[in-house]
Amino acid sequence: MSLVQQPVFEMTLAEYFRERLEELGRRMAPPPHEDTLWYTANMLARFGDSDQLFSYDRGEVDIRPLALLYKDAHEAEDMRQRCLILRQLGDSALFLGALFPEKFERRGILRDYFVGMGGGAYDYLSENARHNRHIFSELAAMFARMLDLVARACARQKLFDAADVLNLYQRWRQTRDPHLARQLRDLGINLPESDVLH
């Protein structure tokens, strides 16, 4: 007796977010450009690695405040460095403003702060970055709407929501626990070969 094997569909964390963003973005008028959705999905996946979001400063691991990133960009020695810092500022504002608004509201940091900081950073990049100016232009022009889109893409759904997947992925990256790896694969997340322990 032969068993028919069901096909296995795997995706990376970035592809998972791109699908969610694309599905929800179609409901927007006008919908975000495909390149912008790809950029945003890759940003979410990148921040799935806590090392990309947190930094080590003065003996502590923490998220660098947006105002200090702005100060760093203002004091940057050259255009390339300024653009790199402003990209981190825009991405951080989009990520934090969409996923953790309640946490910041309790500290008196409102949505307008994220819109101003992130939108301003992307606006500068839309005129000065070497690449992806059209993406930064769209992110700047519709930053508030992108906050909503990212929040909806990461909202609770089914058994695992995007925040759960991110947390699971971060725990796996830190521990390399085979059980966590199996859970991620069961969710359709394809782990990079270089990250898989044998």
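## Rings and their neighbours

Start with Tyr-16 and Phe-17, which are both buried (under 20% relative accessible area with a 1.4 Å probe and protein chains only; over 50% is exposed, and in between is partly exposed). A quick word on the source: this is a predicted model, where local features need pLDDT of at least 70, side-chain atom pairs count only at pLDDT 80 or more, and totals for chains, interfaces and linings use all residues. Residues are numbered from 1 along each chain as its sequence is written, and side-chain values use heavy atoms, with hydrogens and water left out.

The structure has 9 aromatic pairs, meaning rings of Phe, Tyr or Trp (its six-membered ring) with centres within 6.5 Å; planes under 30 degrees apart are stacked, over 60 edge-to-face, and the rest tilted. The rings of Tyr-16 and Phe-17 have centres 5.3 Å apart and planes at 70 degrees, so this pair is edge-to-face.

Now hop over to Tyr-122 and Phe-143, a tilted pair with 6.0 Å from centre to centre and 45 degrees between the planes. Tyr-122 belongs to helix H7 (residues 111–128) and Phe-143 to helix H9 (residues 143–153), so the pair ties together parts 21 residues apart in sequence. Helices here are DSSP runs (H or I, at least four residues), numbered from the N terminus. Tyr-122 counts as buried because its relative accessibility is 0%, and Phe-143 is buried at 1%. Together with Tyr-39 and Phe-136, Tyr-122 and Phe-143 form one aromatic cluster.

The charged end of Arg-46 sits over the ring of Phe-47, 5.0 Å from its centre (NZ of Lys or CZ of Arg within 6 Å of the ring centre and within 35 degrees of the ring normal). Arg-176 lies over the face of Trp-172, 4.8 Å from the ring centre.

How values were computed
Helices (H or I, at least four residues) and strands (E, at least two) are DSSP runs, numbered from the N terminus.
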